[in-house]
Structures are given as C-alpha cells and as structure tokens.
Amino acid sequence: MKSSRRWVLVWLLPVAVSLAACGSGPADADELAQRAASVGVDPEVVYAVSLDGFEPVSQSVGVSGEAGFSAAYVSDAGELAMLTTDPRGAADTGCAVVDDQHECVAVHDGVAVRLSAAAGAVDEETLRAAVEGAHPPSADELAALFADAPGGGAPVDRG
C-alpha cells in the first residue's frame, strides 16, 4: 500500500468511528423526560436491553404497575420478551423458571428491571446477560422505544 493511502486511512478511521457512534450516544435528558411523560412514566424508570434478535415494539411501551415502565421486544420469528421496571427496587435478583417462562431480575440504580420470555424463545444465560446489562436508553434506543408513542408533553393521570 502506498504511503499516501495509509495516511488517508489513518485520518479517515477516527472520522468513521465517530460517525458510526453519533446515533448511539446517550439519549438527551430533556427528550427522554418528554417521551416518558407522554406515556405517564418517570424518565428514571425507562430502561432498554440489548437482546440479540429482538427489537422493541413501540406500540407496547407504557406503564407497569403503579410507577414502572414496560416494553415488549419481539424477534423476527414472532417470539416475545417483556421488559418491566419497578422503581421500588424491592425484588429478588437472579433468574427463575415459572411454568414455561424464563424470568430474570436485576436492580440498577434502585430500579428493579425484569425481563421475561418463553423458555423456548430465549435461554436463561442470554436473558440474564440482557437484564444485567439493562441501561437507560441511548438516543437510537429511545427513538425505537417511543417511535409510535404520543408526542405530547403532559403526563398521563394514573389515578
């Protein structure tokens, strides 16, 4: 390879890496607050997971219990994984099998994050890794989670 080509690659590599990361940075706090309010949840309970082969279903995003968040993730094959959060954080962590469902729980910053799926859809190790890696959504994840959610800003009265 000619020296000039190497220099071009050396200069372009950092640009390519930074461009690839642009959409995957942390979600803007104001946008997260607005999106969360549109479905009646506190932004601090909105979490996302990385679950190979599954994407969030934005129509499913909403409340869980008295103050939590919920979102369904679906695979191309139509398998479902359900994410719920509970700001009380009072939950036994770890994984369990209930009937034909795997369920794993981890606590992040005082919020219990629960992920469940049919035993045949996701193995326990994968589910455990996903819930342990649960995190506030990146900009891309926030856009995917709330793609079909109302755009308004007023919180929903949950009684």
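Q: Why is arginine 88 called exposed in this predicted model?
A: Arginine 88 has a relative accessible area of 65%. Exposed means over 50%, so arginine 88 counts as exposed.

Q: What makes arginine 88 and aspartate 86 a salt bridge?
A: Their side chains meet at 2.8 Å, N to O. A salt bridge needs a side-chain nitrogen of Lys or Arg within 4 Å of a carboxyl oxygen of Asp or Glu, so this pair qualifies.

Q: Why is aspartate 86 called partly exposed?
A: Aspartate 86 has 21% relative accessibility. Buried means under 20% and exposed over 50%, so aspartate 86 falls in between and is partly exposed.

Q: How do you know that arginine 114 forms a salt bridge with glutamate 103?
A: The closest N and O atoms are 3.0 Å apart, and the cut-off is 4 Å, so the pair counts as a salt bridge. This pair links distant parts of the chain: arginine 114 sits in strand β6 and glutamate 103 in strand β5, 11 residues apart.

Q: What makes arginine 114 and glutamate 103 partly exposed?
A: Arginine 114 has 29% relative accessibility, and glutamate 103 has a relative accessible area of 27%.

Q: Why is the contact between glutamate 31 and arginine 35 called a salt bridge?
A: Their side chains meet at 3.5 Å, N to O, and the cut-off is 4 Å, so the term applies. Both residues lie in helix α2, 4 residues apart, about one turn of the helix.

Terms used: Residues are numbered from 1 along each chain as its sequence is written. This is a predicted model: local features need pLDDT of at least 70, side-chain atom pairs count only at pLDDT 80 or more; totals for chains, interfaces and linings use all residues. Side-chain values use heavy atoms; hydrogens and water are left out. Helices (H or I, at least four residues) and strands (E, at least two) are DSSP runs, numbered from the N terminus. Buried means under 20% relative accessible area, exposed over 50%, partly exposed in between (1.4 Å probe, protein chains only).
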